Amino acid sequence: MPSFEDLYHLKLKSLSEAVTDWTETIKKLTTLAEEADKGMLAKAKSADWAGKNAGVTKPFIEKTAKEFHDAITEATSRRNILRDVHTAFKDAKSRLQSLVDEMPAHMTISPGGVVGHTRTDSLSKDNKDALPSAAEIERYQARIDKVVREAAEADLAASRALRTLADKNPYDFADVQYDSLRAADAKRSTADANAALRLARKVDDLSSEDLIKLDRLFDMHANDKVFATRFYGQLGPEETLRFNSLLATSISLSGDAGDNKTGADIQKHLGTTLAAATQHVGKDGYLDAKWVEDLKKAGHERIVMRSDHFLQSVAMPYGYQSLGPLLKHGNFSADFLKRINHDMLKLDREDWSWPKSSDSRWRIDLNTENHYSKSLGGDPIAGLLDANSRAPEAAQDLFKNKGDLNYLLHSPEGGQRPNVLGHALESAVYGYRYDAEAPPLTAPERNSTQGHIMRNVIEAISKDASLVNKHIGDSFGHMAAAYMPEINRSIAGEGKYSIDVIFPTSGPVDRFDGNDTNRFLYALARNPDAYAAITYGQNAYAANMMEYHLSHPVFEGKPEEVIKEIAINTGHVQGVLGHSLSDSARANQAAADQATNEGFKRQADWFKSFASAGISTGFAAYTPPTATASTLGALGSAFASSAAGQLIDNLFSGREVDGRDEVIYRTGHDLSEMKSSTTTSTQWAGQAALAAHDSSIQRGSMDLTISEGVRQGWGWSNDNLDDYENRS
């Protein structure tokens, strides 16, 4: 498919010439057809045929004359397809060039089509204030992506249509005319969906060759709503679930490696195709609401496979068990997921001991990726959670009820549920997809539901630290890092200045319970990945706040006072983490150190990706609306030249403390060293902020202020944990 660079520099001369050539060919074929009609066909019809000539020669001449007309039809279709795709490409190129030409000052675009802005270190202070905002960059990126996506869709449609013409008959011209690219693609999609339906309906007796044909049909029409809606609309929900069940169990029982691989591909396609057919339930061209309601009904019923194979005949999984594996693939709409989320959860609540089988001895997996696992059909809720991790709005709906959230948090640890539960929770509280290659330049504004979910997660973990297991701990750490503004506000003491002055926000922010937050952090510290993620997040947040306050003082009094408040909170957060690690490491200090170091290494890439857009540190939540473009650039997307960027680079690279052979934050047991690391890293942040902005603070005074603040916060962290009954 064409990329931004392909389209921007696209040379259309050859394609234009092809359209012209086919137009000329149509004219020549029309002349030949007229000559054939008036000549040999007219003579053949008027002749008095007898014998073999009447039965052989005359029909041959009539067929030959018809082929001239079929040739015109096919040539016209080819011309129309190429004409429309040429128009689409020409329009895309023009739109992209206009977008690039009209870009605001200091906005840039890479050869790969990624929109950004000029490096801040190459601009004067006045020009920095003219930098485009993250929101402007994201809006422009969306416009670029839309053009590229539409051109890619036209390219794929043309490819399918031309392939249809080539596949019609290797020896005859096609007799179906396509007036436009869209019409050609729709006809091909419908015809291929019908072919896929014929194969699906003989699932009890699919050969290896049939499986390959079916796989190719699905692959050719990935994300094609016409194909998807036709296939699922005609097959129906009940037969859809039965088809997947029989497909998965049949190839599992066959033991054929080739069939297993093809079957796994088909199951993935079934998921992506269902996602395409349900993107806009009830709207023209998609499955209707009745189809989804029938799916829910079938989800609560047993699937009778009606098979001669004994294992298939005794296995009677619920319909939702067959749906679960499909939900793991494709991008399902929030609307569709919200229609089934709580219905699937309702069945799960009735008896979570999946699978349910008429004979518990026979366990066949309906997930083609996990043959011969210990669960028939796998865990359907794992598939549901996986789908929700890619649909933030649906995930928020799934977790908004405290009872449902606590039920899922306390679900059995076995299988895949804990991992995908963490991913879905991340999606819900971030407001964007868990699996995004990079976070959006501007996170969606936090809503009350997101904060409500995060508060309930914090409360649940504060009451039951065992929820932080090895499968989900990293996700909890990511969520904590993303909510550093709220966490800092919840543990801040009653100082001279209000919390809104020291830790400002740009919108509504939930105030978490202080005791719950301390215990939440204490529990998370036991997981090396969570400890590393929170440490990265708190250090970046503290550095950003220092840089913000030095560049935009919004309080009365000495700047040292606000720096100290930030240092106190940093000492408090890191103190809670440190005491937790120290408490748990008494038995094996070497193992604790090793686990801590490995956690920092694993989380480095995650944090680099997210911090580059300022999202993991809650940038959108804590940046005041009065901040200028230069501040937004420093805090959000220009980490390489900001105080936070320098600090995080030091943490990633394992910078040693000046004068000592000691790498910060790499001990998992020594409280004194952990406190020293916190002081050092916070001083680095202060020095970087001081170097970037004019201030009356002297470097020595900055270091002393931070040292005293960290010491005070560290002491408070221990005091706050004294009455925690689960401390050990």
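Colleague: How many residues does H24 have, and what span is expected for H24 at 1.5 Å a residue?

Modeller: H24 has 24 residues. The expected span is 34 Å, and H24 reaches 35 Å from its first C-alpha to its last, which is close. The expected value is 1.5 Å times one less than the number of residues.

Colleague: What kind of model is this?

Modeller: This is a predicted model, where local features need pLDDT of at least 70, side-chain atom pairs count only at pLDDT 80 or more, and totals for chains, interfaces and linings use all residues. Residues are numbered from 1 along each chain as its sequence is written, and side-chain values use heavy atoms, with hydrogens and water left out.

Colleague: How many helices and strands does the protein have?

Modeller: The protein has 31 helices and 2 strands. Both are DSSP runs, numbered from the N terminus: helices are H or I with at least four residues, strands are E with at least two.

Colleague: What makes H24 count as mostly covered?

Modeller: In H24, 22 of the 24 residues are buried. Buried means under 20% relative accessible area, exposed over 50%, and partly exposed in between (1.4 Å probe, protein chains only). Across the protein, buried residues make up 54% of the 728.

Colleague: Why are H24 and H25 given the orientation they have?

Modeller: The axes of H24 (residues 528-551) and H25 (residues 559-584) cross at roughly 175° and come within 10 Å. Axes are lines fitted to C-alpha atoms, for helices over the stretch in contact, and angles run from 0 to 180 degrees between N-to-C directions. Under 35 degrees is roughly parallel, over 145 roughly antiparallel, 65 to 115 roughly perpendicular, and the rest oblique. H24 and H25 are therefore roughly antiparallel.

Colleague: Which residues of H24 and H25 meet?

Modeller: From H24 they include Tyr531, Ile534, Gln538, Ala542, Met545 and Leu550. From H25 they include Val562, Ile566, Asn569, Val573 and Leu577. Contact means heavy atoms within 4.5 Å. The residues of this contact divide into 12 nonpolar, 7 polar and no charged. Ala, Val, Leu, Ile, Met, Phe, Trp, Tyr, Cys and Pro count as nonpolar, Asp, Glu, Lys and Arg as charged, and the others, Gly among them, as polar.

Colleague: What lies at the start of H24?

Modeller: A side-chain oxygen of Asn527 reaches to within 3.0 Å of the backbone nitrogen of Asp529.

Colleague: Why is H18 called largely enclosed?

Modeller: In H18, 13 of the 14 residues are buried, so the helix is largely enclosed by the rest of the structure. H18 (residues 417-430) reaches 20 Å from its first C-alpha to its last, close to the 20 Å expected at 1.5 Å a residue. Just after H18, Gly431 takes a positive phi of about 95°.

Colleague: What makes the meeting of the Glu426 and Ser475 side chains a polar contact?

Modeller: The distance is 2.7 Å. A polar contact is a pair of N or O atoms within 3.5 Å; within protein, one must be able to donate a hydrogen and the other to accept it, and residues adjacent in sequence count only if both atoms are side-chain atoms.

Colleague: Where is Glu486, and how far is it from Thr505 in space?

Modeller: Glu486 lies in H21 (residues 484-491). Glu486 counts as buried at 3% relative accessibility.

Colleague: How do you know whether His86 and Gln687 are buried or exposed?

Modeller: His86 has a relative accessible area of 15%, so it is buried. His86 is in H3 (residues 52-101) and touches Leu12, Leu15 and Ser16, not counting residues up to four places away in sequence. Gln687, in H30 (residues 671-692), is buried at 19%.
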